[in-house]
Amino acid sequence: MQTNQLLLLFCTVLLLFGLVAYFIGRAKASRVRASGAAMYAQPDQYAWFAVLSTAGPAVLVGAVGSLLLLLLGADIPPLYLFAASLVVAAAGLAVGVAQIKPQFHARQAIERVIRWILAGAALISIFTTFGILFSIISEALRFFKMHSFWDFITGTTWNPGASFLASAGRGDGSGAEFGSVPLFAGTFMITAIAMLVAVPVGLLSAIYMSEYAPTKVRTVAKPVLEVLAGIPTVVYGFFAAITVAPIIVNIAGFFGLDASYNNAVAPGVVMGIMIIPFISSLSDDVINSVPDSMRQGSLALGMTKGETIRDVVIPAALPGIISASLLGMSRALGETMIVVMAAGMRPNLTANPLEDMTTVTVRIVAALTGDQEFESAETLSAFALGLVLFAVTLTLNLVSVLMIRRFREKYRVNNL
């Protein structure tokens with residue numbers, strides 16, 4: 001029997017076990033309640049406890065067995081795992097029905113199970129983060145055994161050269177240079193341009209829609225604005241390369257400046273347009289969550305509507321606005337397609353945004369694609385770049401958390 005057929009059969013049988021557990025548990029709880037005994041929960045709650053005691057252990061055994069089978073390579077026949085899970089389900093059914101007694105707190109037991117499920121969901125995200133970090137660090141350390149970490153983070157030239165030949169034993173890779181400064185400089189410049197476009201436009205549009213726009217205008221404008229978030233990035237890349245880049249070149253030529261068609265301004269502007277919905281929508285929700293009594297109190301003291309927005313509403317919503325801006329910045333830091341199509345792939349350390357440059361994520365994609373060996377320094381450099389980018393993003397998150405906490409404490413003190 002194939003694995004997918006076995007999985008379908010397992011789900012079907014487990015569903016039948018659950019139905020049997022529900023009806024038997026409910027019937028027993030109803031009989032106990034009809035006998036006049038005082039019970040701590042309703043019959044349906046006892047029935048659901050029987051379902052959880054039946055399906056929960058069986059799913060847990062199946063998940064652990066699948067993990068051992070797929071990830072660790074354990075030699076466990078799928079049919080035996082299927083049979084063991086069903087045996088556990090039957091045992092759970094018997095235990096769950098036996099627990100239906102007047103003195104048993106079924107509601108509290110269900111709450112404990114739900115608490116453990118929620119804690120497990122939180123642990124999954126935490127373990128996933130550590131797993132990602134471990135996989136990046138393990139490969140990045142292999143790269144740093146080939147090249148100096150200090151030269152990597154301070155070097156101003158990125159030129160892998162023929163480093164892939166060294167992994168094949170046909171060269172020493174001595175001419176390769178892996179200075180990441182040009183890549184991070186391009187990343188930060190394009191991200192800064194994107195934020196200069198997205199934050200003012202997104203915040204002002206959020207203020208208009210939450211404070212000034214009539215209901216009919218808001219009903220139409222907000223969904224239309226959020227459509228920008230659903231456009232594929234490759235379409236934004238076409239727009240940046242074909243439309244925005246020539247406009248930037250023409251504007252620069254009008255002022256007597258030389259601009260490359262693969263400049264940093266075009267992807268920055270288009271990337272800013274792409275993340276406007278993130279900042280606008282979240283800021284709009286945060287501004288709307290400010291209590292209306294604060295607005296009314298400010299207006300009653302003689303402040304104008306604009307002064308109320310500036311001095312009362314925005315400070316109250318500032319932690320959420322910072323969080324929205326951080327989400328937009330993270331989206332910009334990880335963008336690849338727009339940069340590839342509009343800014344190119346040449347590592348160029350320059351302060352002129354009218355020249356071509358590239359970002360960290362573009363080089364990661366370039367290093368992990370192609371015909372080079374995985375053991376080569378160029379391929380392993382992708383993990384080193386990912387590790388440094390992870391550290392930079394983590395630092396930005398920590399700084400933003402400190403800023404949010406500072407503004408919350410300041411606003412709380414000012415309102416006491």
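This is a predicted model: local features need pLDDT of at least 70, side-chain atom pairs count only at pLDDT 80 or more; totals for chains, interfaces and linings use all residues.
Reader: Which domains does the chain have?
Author: The assignment gives domain 1 (3-118) and domain 2 (177-411). Such bounds come from an automatic or database domain assignment.

Reader: How far apart are the C-alpha centres of domain 1 and domain 2?
Author: They lie 48 Å apart.

Reader: On to helices. How do you describe a packed pair?
Author: By the angle between the two axes and the distance between the axes. Axes are lines fitted to C-alpha atoms, for helices over the stretch in contact, and angles run from 0 to 180 degrees between N-to-C directions. Helices (H or I, at least four residues) and strands (E, at least two) are DSSP runs, numbered from the N terminus.

Reader: Take α7 and α12. At what angle do they cross?
Author: Roughly 140°. The axes of α7 (residues 181-212) and α12 (residues 305-333) come within 9 Å. That angle makes α7 oblique to α12. The cut-offs: under 35 degrees is roughly parallel, over 145 roughly antiparallel, 65 to 115 roughly perpendicular, and the rest oblique.

Reader: Left-handed or right-handed crossing for α7 and α12?
Author: Right-handed. A crossing is left-handed if the near helix is turned anticlockwise from the far one by less than a right angle, and right-handed if clockwise.

Reader: Which residues make that contact?
Author: From α7, they include Phe188, Met195, Val199, Leu203 and Ile207. From α12, they include Ile309, Val313, Ile314, Ile321 and Met329. Contact means heavy atoms within 4.5 Å.

Reader: How do the residues of the contact of α7 with α12 divide?
Author: Into 14 nonpolar, five polar and two charged. Ala, Val, Leu, Ile, Met, Phe, Trp, Tyr, Cys and Pro count as nonpolar, Asp, Glu, Lys and Arg as charged, and the others, Gly among them, as polar.

Reader: And α7 with α8? Where do the axes come to?
Author: Within 10 Å, crossing at roughly 150°. That makes α7 roughly antiparallel to α8, which spans residues 215-226. The crossing of α7 and α8 is left-handed.

Reader: Which residues of α7 and α8 touch?
Author: Ser205, Tyr208, Met209 and Ser210 of α7 meet Val217, Arg218, Ala221, Lys222 and Leu225 of α8. By class, the contact of α7 with α8 has five nonpolar, two polar and two charged residues.

Reader: What about α9 and α10?
Author: The axes of α9 (residues 233-254) and α10 (residues 265-288) come within 8 Å and cross at roughly 130°. So α9 is oblique to α10. Their crossing is right-handed. Contact residues include Thr233, Tyr236 and Phe239 of α9, and Val270, Ile273 and Met274 of α10. The residues of this contact divide into 11 nonpolar, one polar and no charged.

Reader: New topic. Glu335: buried or exposed?
Author: Glu335 is buried, because its relative accessible area is 4%. Buried means under 20% relative accessible area, exposed over 50%, partly exposed in between (1.4 Å probe, protein chains only).

Reader: Where is Glu335, and what is it in contact with?
Author: Glu335 sits in the loop between α12 and α13 (337-342). Leaving aside neighbours within four places in sequence, Glu335 contacts Thr233, Met271, Met274, Thr359 and Thr361. Thr233 and Met274 also belong to the contact of α9 with α10.

Reader: And Thr157? What does that touch?
Author: Glu177, Phe178, Gly179 and Pro182, not counting residues up to four places away in sequence. Thr157 is in the loop between α5 (149-154) and β1 (158-159). At 34% relative accessibility, Thr157 is partly exposed.

Reader: Is Ala367 buried or exposed?
Author: Buried, at 3% relative accessibility. Ala367 lies in α14 (residues 360-368). Ala367 and Ala382 are 15 residues apart in sequence and 5.9 Å apart in space, C-alpha to C-alpha.

Reader: Last one. Leu8: where is it, and is it buried or exposed?
Author: Leu8 is in α1 (residues 3-34). Leu8 is exposed, with a relative accessible area of 58%. Leu8 and Ala264 are 52 Å apart in space, C-alpha to C-alpha.

Note on methods:
Residues are numbered from 1 along each chain as its sequence is written. Side-chain values use heavy atoms; hydrogens and water are left out.
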